[in-house]
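Biologist: Please take one part of this model, the pairing of charged side chains, and look at it closely. Which residues pair, and where do they sit?

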Amino acid sequence: HDALPILGSALVTLGGKGLYLKPDQGKTGYALAVGGGLSLPVTSSVSLFGQYYAAPDAFTSGVKSYEEALAGGRWTVFRPVTVEAGYRYMRLTDKNDDKNTMVDGPYLGVNAAF
């Protein structure tokens, strides 16, 4: 906390995701993506965030690689309901090095965590 005073009360996360992948073209596969994110509070109910997860060939089956990036803002309407808006990008590369972009654009969502 004191080592990065410029970030103040920023939240840094590290983690992993298990994914089942079924692209429009190509065969289905699995990926274990590792990555993390950064969340910066703007007010007590609004924050900005960014996340990135990737799975290289060693952590996939049926595909060669997977990557996902998100950036946007969150508004806690009231606990536990949060509205999230931002930009999302997801791409996988198959064993033939063909790239399949699954998501590339803005999104809006509502989250309820209990």
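**Charged pairs and their places**

Modeller: R74 has a relative accessible area of 22% and counts as partly exposed; buried means under 20%, exposed over 50%, and partly exposed in between, using a 1.4 Å probe and protein chains only. This is a predicted model, in which local features need pLDDT of at least 70, side-chain atom pairs count only at pLDDT 80 or more, and totals for chains, interfaces and linings use all residues. Residues are numbered from 1 along each chain as its sequence is written, and side-chain values use heavy atoms, with hydrogens and water left out.

The partner of R74 is E84, and their closest N and O atoms lie 2.6 Å apart in a salt bridge (a side-chain nitrogen of Lys or Arg within 4 Å of a carboxyl oxygen of Asp or Glu). The pair connects distant parts of the chain, with E84 in strand β6 and R74 in strand β5, ten residues apart. Strands (E, at least two residues) and helices (H or I, at least four) are DSSP runs numbered from the N terminus. With 17% relative accessibility, E84 is buried.

Another salt bridge joins K17 to E68, and here the closest N and O atoms are 3.0 Å apart. K17 belongs to strand β1 and E68 to strand β5 (residues 65-78), so this pair also links distant parts of the chain, 51 residues apart. K17 is partly exposed at 22%, whereas E68 is buried at 1%.

D97 and K64 also form a salt bridge, with 2.7 Å between the closest N and O atoms. D97 is in the loop between β6 and β7 (99-112), while K64 is in the loop between β4 (60-61) and β5, so parts 33 residues apart in sequence are tied together. Both partners are partly exposed: D97 at 44% and K64 at 31%. In general, side chains of opposite charge can pair when their charged atoms come close.

The whole structure holds six salt bridges. The background for these pairs is a protein chain with seven strands and zero helices. Of the 114 residues in the protein chain, 27% are buried.
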